[in-house]
Amino acid sequence: MTQSLTRRRFIRISAAAAGFGPLGLGRPVRAGSEPTIWRGKMLGAVATMEIHDDDRSRAERLISLACAEARRLEQLFSLYLGESALVELNRTGILIDPAAEMVDLLSTAQHYSSLTGGLFDVTVQPLWDLYADHFARENANPAGPTAAEIRTALARVGSSRLSISRDRIVMPRGMAVTLNGIAQGYITDKVVELLRAHGISHSLVDMGEARAIGSRPDGRPWEVGIADPDHAGHTKAVLPIIDRAVSTSGSYGFQFGSTSRFNHLFDPRTGGCALRYRSVTTVSRTATAADALSTAFCLMPEADIRSLLSRVGIDRVYLVNDAGQSVEFAA
């Protein structure tokens, strides 16, 4: 997709291709009306949309449009779709005439890198590759990769070495980008923008990160559960939200080896893994911010997180520390 094809024009083209006429704007929703609910997968995660609209057929058409938009963005940002723009960038080190959304997302990622002193870094993929390769070996050393191997991988990490412009994105050969710490939030925000543009005022969207549009039709807040990192399938807490996004990152999400020492949250300064908290949950106006900063906060002392909140647009943080204790605080 070229930059001249705007998101607004894409929505119109998608509607025409699917055989949909103009959708118009939504009407006020009756508090007792039944929601239209969709469930599927996006970027490897379970995704859901709950849309409240008195016209069910219109809600279903909007869900089709939203899914088309999310799939289009997944074709840009996925590490696992062979023809994605991200896979091409990692393979060749360059994207010519990149999609506007790729420029926007990588620029946003660099912004959060700057705000967090480099702790949020989308170029940590070489560390993932190192740990994955190490623990895939037969009789892998449970102590993890050697210090020399980590230093070699770290030499290929550093988002400041990404050159981003509207014409091209360039990085040194050997570097690799992962957008897994921010793309789900970004896609959630884009779906919310689409639904709002069509007049939806009550919805809960979760494309791996959750974001509410308004409240429930009866005025009550939405409720988003925080997973218990120590008991799979259980909820640690429930957060009430209105017009906010929620994201949780935690070392329990994926682990290498059997010792719980190594996980998917990498420290771009040392090449080690986040072990300070069992999980970090953030509440923000956007899912992009909530997603990126829940990742970065996993590497920060609590005092540093508190000092950053007002600067980075996070309203509230819910921590589960290494002892399993819950700590909650607001900006």
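The following is a dialogue about how terms are applied to one predicted model.

Biologist: What kind of model is this, and how are its residues numbered?

Modeller: This is a predicted model, in which local features need pLDDT of at least 70, side-chain atom pairs count only at pLDDT 80 or more, and totals for chains, interfaces and linings use all residues. Residues are numbered from 1 along each chain as its sequence is written, and side-chain values use heavy atoms, with hydrogens and water left out.

Biologist: Why are helix 2 and helix 4 called roughly perpendicular?

Modeller: Helices here are DSSP runs of H or I with at least four residues, and strands are runs of E with at least two, numbered from the N terminus. Helix 2 covers residues 56–77 and helix 4 covers residues 100–115; they pack at an angle of about 65 degrees, with axes 10 Å apart. The axes are lines fitted to C-alpha atoms, for helices over the stretch in contact, and angles between N-to-C directions run from 0 to 180 degrees. Angles of 65 to 115 degrees count as roughly perpendicular, under 35 as roughly parallel, over 145 as roughly antiparallel, and the rest as oblique. Helix 2 and helix 4 are therefore roughly perpendicular to each other.

Biologist: Which residues make the contact between these two helices?

Modeller: Helix 2 supplies Arg-72, Leu-73, Leu-76 and Phe-77, while helix 4 supplies Glu-101, Met-102 and Leu-105. Contact means heavy atoms within 4.5 Å.

Biologist: How many residues of each class are in that contact?

Modeller: The contact of helix 2 with helix 4 has 5 nonpolar, no polar and 2 charged residues. Ala, Val, Leu, Ile, Met, Phe, Trp, Tyr, Cys and Pro count as nonpolar; Asp, Glu, Lys and Arg count as charged; the others, Gly among them, count as polar.

Biologist: What makes strand 1 and strand 15 edge strands?

Modeller: The sheet they belong to is open, with 8 strands in the order 1-2-6-7-10-13-14-15 and antiparallel pairing. Strand 1 (36–42) and strand 15 (326–330) each have a single partner strand, so one side of each is left without a neighbour in the sheet. Averaged over this sheet, neighbouring strands are turned by 15 degrees against each other, direction ignored.

Biologist: How do you know that strand 6 and strand 7 are paired?

Modeller: Two strands pair if DSSP finds at least two bridges between them. Strand 6 (residues 203–206) and strand 7 (residues 210–213) have 4 bridges, in the antiparallel sense. Val-205 has Arg-211 in strand 7 as its bridge partner. Strand 1 and strand 2 also pair in the antiparallel sense, over 7 bridges, and Arg-39 stands opposite Thr-48 in strand 2.

Biologist: Which helices lie across strands of this sheet?

Modeller: Helix 7 (residues 183–197) lies across strand 1, strand 2 (45–51), strand 6 and strand 7, running at about 15 degrees to strand 7. Helix 9 (residues 302–312) lies across strand 13 (277–284), strand 14 (314–321) and strand 15, at about 30 degrees to strand 15.

Biologist: Which residues of helix 3 are buried?

Modeller: Ala-85, Leu-86, Val-87 and Leu-89 are buried. Buried means under 20% relative accessible area, exposed means over 50%, and partly exposed lies in between, with a 1.4 Å probe and protein chains only. The buried residues of helix 3 pack against helix 2, strand 3, helix 4 and strand 5.

Biologist: Why is Leu-275 called partly exposed?

Modeller: The relative accessible area of Leu-275 is 42%, so this residue counts as partly exposed. Leu-275 sits in the loop between strand 12 (262–263) and strand 13.

Biologist: Why is Asp-243 put in the class of partly exposed residues?

Modeller: Asp-243 has a relative accessibility of 29%, so the class is partly exposed. Asp-243 lies in the loop between strand 9 (235–241) and strand 10 (245–249), and its phi is positive, near 55 degrees, in a residue other than glycine.
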